[in-house]
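The points are grouped by topic.

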Amino acid sequence: MALNYDRHRAAIERLYDDRATIKRHGEIEKPSGETVLGLAVICEDQPCRLSQKSLAVNGQTEAQNDVSYETKLFVSPDLELRQGDVVEVTRHGRALTYVAGEPFIYATHQEVNLQRKEYA
């Protein structure tokens, strides 16, 4: 009996309760027609799911506070995600910003390790 990937994919995607906007560094055309380097939106409001592998480890010192944990994004295999893309995820009304690692693509979904970024 052959595996029904469409049914498995639909089951996985029912768990997607977060939303992602994916941006990539490149050339952007301003309304004035000028081309500049910046973050171009690749896709918006994409259903996804964040997963945290382990609890945060706090590396508090007098000079800085490093918090380390593994975050993974589960998203459609149809998206063209690249290492270095900026991924803004809205989870329970809270916006979080990450940088994507190299995606691993399955027939039903793709998994992408994320590194948290704080932008001023």
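Predicted model: local features only at pLDDT ≥ 70, side-chain atom pairs only at ≥ 80, totals over all residues.

In total, the structure contains nine salt bridges.

**Burial of the Arg24–Asp85 pair**

- Arg24 has a relative accessible area of 13% and is therefore classed as buried, the cut-off for that class being under 20%.
- Asp85 is also classed as buried, because its relative accessibility is 1%.

**Other salt bridges**

- Asp17 and Arg49 form a salt bridge through their side chains, at 3.2 Å from N to O.
- That pair likewise links distant parts of the chain, with Asp17 in the loop between helix 1 (5–13) and strand 1 (18–29), Arg49 in strand 2 (residues 35–52), and 32 residues of separation.
- Asp17 is partly exposed at 46% relative accessibility, and Arg49 is partly exposed at 31%.
- A further salt bridge pairs Arg82 with Glu80, whose closest N and O atoms are 2.7 Å apart.
- Arg82 falls in the partly exposed class with 42% relative accessibility, and Glu80 falls in the partly exposed class with 49%.
- A network of salt bridges connects Arg9, Glu13 and Asp78.

**Secondary structure and strand pairing**

- The chain comprises one helix and nine strands, and the order of its elements from the N terminus is α-β-β-β-β-β-β-β-β-β.
- Strand 6 and strand 7 (residues 94–100) run antiparallel and are joined by six bridges.
- Within this pairing, Val89 has Leu96 of strand 7 as its bridge partner.
- The hairpin formed by strand 6 and strand 7 has two residues between the strands, and His92 in the turn adopts a positive phi of about 55 degrees.
- Strand 7 also runs antiparallel to strand 9 (residues 110–116), with three bridges between them.

**Cysteines**

- A search of the whole structure returns zero disulfides.
- The cysteine sulfur closest to that of Cys43 belongs to Cys48 and is 9.2 Å away, so the separation is too far for a bond; a disulfide would require sulfur atoms within 2.5 Å.
- Cys43 is buried, its relative accessible area being 12%.
- Cys48 is buried as well, with a relative accessible area of 0%.

**Chain-level totals**

- Among the 120 residues of the chain, 29% are counted as buried.
- Of the contacts in the chain with a separation of 6 or more, 49% come from residues 24 or more positions apart.
- The chain has an accessible surface of about 8,500 Å², and carbon and sulfur atoms contribute 48% of that area.

How values were computed
Residues numbered from 1 in each chain as written. Heavy atoms only, no water. Salt bridge = Lys/Arg side-chain N within 4 Å of Asp/Glu carboxyl O. Helix = DSSP H or I, 4+ residues; strand = E, 2+ residues; numbered from the N terminus. Buried < 20%, exposed > 50% of the residue type's maximum accessible area, 1.4 Å probe, protein only. Pairing = 2+ DSSP bridges. Contact = heavy atoms within 4.5 Å. Areas by Shrake-Rupley, 256 points an atom, 1.4 Å probe, with all protein chains shown as cover.
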